[in-house]
Amino acid sequence: MRSDSVLLEFSNKLFRQFLKVYPKQHHNRFNEEMAQDFRDLCEEVLRERGLWGFVNLWISVGLDLIKTAFEEQFKVRTNPALEKLVSAGSISAILSGAALILLAFTHASPNWVQWAFRIKWIWFLLGCLNLLALLGYATYQVICDKNIKLGYWVSLLGATFMTITGIFMPTDFQIWHLFTYGVDILGAGFLIQSITGLVAKSQVRWTVIHASLGAFLLTFNQLTPSRHMGWLFDWDATFFASLAGITWMIFGLTLLHGREQIKVSY
Amino acid sequence: MNTENQIPENTLPLTPAVFHILLALADADRHGYGIMKEVEARTEGRLLLKPGTLYQAISRLLETGLIEEVPESGDEKVSRRRVYRLSTSGRQAVIAEARRLEQMVEQAYGKNIFEGGKSSFAPVS
């Protein structure tokens with residue numbers, strides 16, 4: 001009996017050392033409970049199954065400890081970085097929305113082309129902001145174990161199109177049309193996202209409301225005759241583009257709020 | 001009212017370990033070791049929760065609000081063990097998961113994969 005108590009004491013001390021591999025927060029919270037449970041488990045196994053059972057228990061608990069400690073460490077180290085990416089994505093969406101509103105009003109001014117084209121790289125930046133926003137959104141989706149569906153890829157294609165054409169915008173007026181097609185694709189991507197989200201009933205939240213409205217506004221804005229028939233309907237286009245910008249900003253705020261849900265699923 | 005609305009997003013389906021932990025707390029508040037022994041007894045030793053897995057799951061369940069820590073009373077302060085209980089959303093989650101599993105089993109019966117029907121599931125005496 002004396003040898004059993006020595007063994008248990010040694011085992012408990014060793015187990016407490018192993019518990020230090022967990023992240024500090026987990027260690028501080030569950031250290032005592034885990035050590036106490038393991039000691040009780042060891043006593044029981046030693047009494048009922050002897051030394052061989054005790055060795056078996058140590059092996060299985062040790063392997064389980066290594067696996068879960070690795071998972072916890074991974075969570076602690078990667079989640080803050082991913083959270084930052086989602087935050088960056090949401091801020092980009094807000095900025096992108098603001099830029100869209102700004103551009104909408106420049107579009108309404110009589111000399112909008114000259115005015116907007118003087119701000120070099122604004123188009124390229126708009127595309128980049130959209131890409132970053134979508135990257136943040138994708139990170140959020142992946143972390144929360146949701147699938148990235150077709151609509152997302154279409155949106156990504158639209159944003160990429162905007163970014164590439166945006167590079168040439170200040171020097172080539174013809175690129176403007178290509179840029180607007182990028183906006184069309186982005187809008188269509190949002191529309192697909194909203195439809196699939198509603199069908200799956202998995203995202204019936206602000207994101208879907210945003211996506212539906214944003215898709216409608218972006219697509220409708222591009223379909224208005226203003227692009228093809230001079231500046232007759234410029235103010236309509238400004239109105240819709242502004243609203244689209246607002247929905248982008250709402251999307252950014254929703255993503256910023258949703259960031260709190262980031263957890264490693266079990 | 002749809003009670004499943006109370007279940008936090010992304011919690012379903014539950015892993016077997018989490019399902020058994022919630023089930024262990026369905027009829028009584030228990031501490032970690034109590035959960036471990038209840039699961040072992042109920043599954044006739046087929047599922048042995050080790051401390052690492054158990055407290056990792058407890059940590060997640062506390063984060064998502066599916067379980068809660070029972071506030072300590074004066075007497076319990078002698079023990080360092082914390083007692084856990086099922087929250088309302090935890091109860092909804094375990095019910096939803098049980099229904100999901102039931103549907104899956106029903107589908108398996110529908111395919112007639114058991115030669116003796118449902119009775120073939122009965123323990124051999």
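## A tour of chain B

Start by selecting two helices: helix 2 of chain B passes helix 3 of chain B in a right-handed crossing (the near helix is turned clockwise from the far one by less than a right angle). The contact (heavy atoms within 4.5 Å) is made by Gly32(B), Tyr33(B), Ile35(B) and Met36(B) on helix 2 of chain B and by Pro51(B), Leu54(B), Tyr55(B) and Ile58(B) on helix 3 of chain B. These residues divide into 7 nonpolar, 1 polar and no charged, with Gly counted as polar and Tyr and Pro among the nonpolar.

This is a predicted model, where local features need pLDDT of at least 70, side-chain atom pairs count only at pLDDT 80 or more, and totals for chains, interfaces and linings use all residues. Residues are numbered from 1 along each chain as its sequence is written, chains are lettered from A and ligands numbered from 1 in the order written, and side-chain values use heavy atoms, without hydrogens and water.

Next, colour the strands (DSSP E runs of at least two residues; helices are H or I runs of at least four). Strand 1 (residues 30-31) of chain B pairs antiparallel with strand 3 (residues 83-86) of chain B over 2 bridges; strands pair if DSSP finds at least two bridges between them. Strand 2 (residues 67-69) of chain B also runs antiparallel to strand 3 of chain B, joined by 3 bridges.

Now click on Tyr84(B): this residue is the bridge partner of Arg30(B) and of Glu69(B).

Finally, zoom out to see 4 helices and 3 strands in chain B, in the order α-β-α-α-β-β-α.
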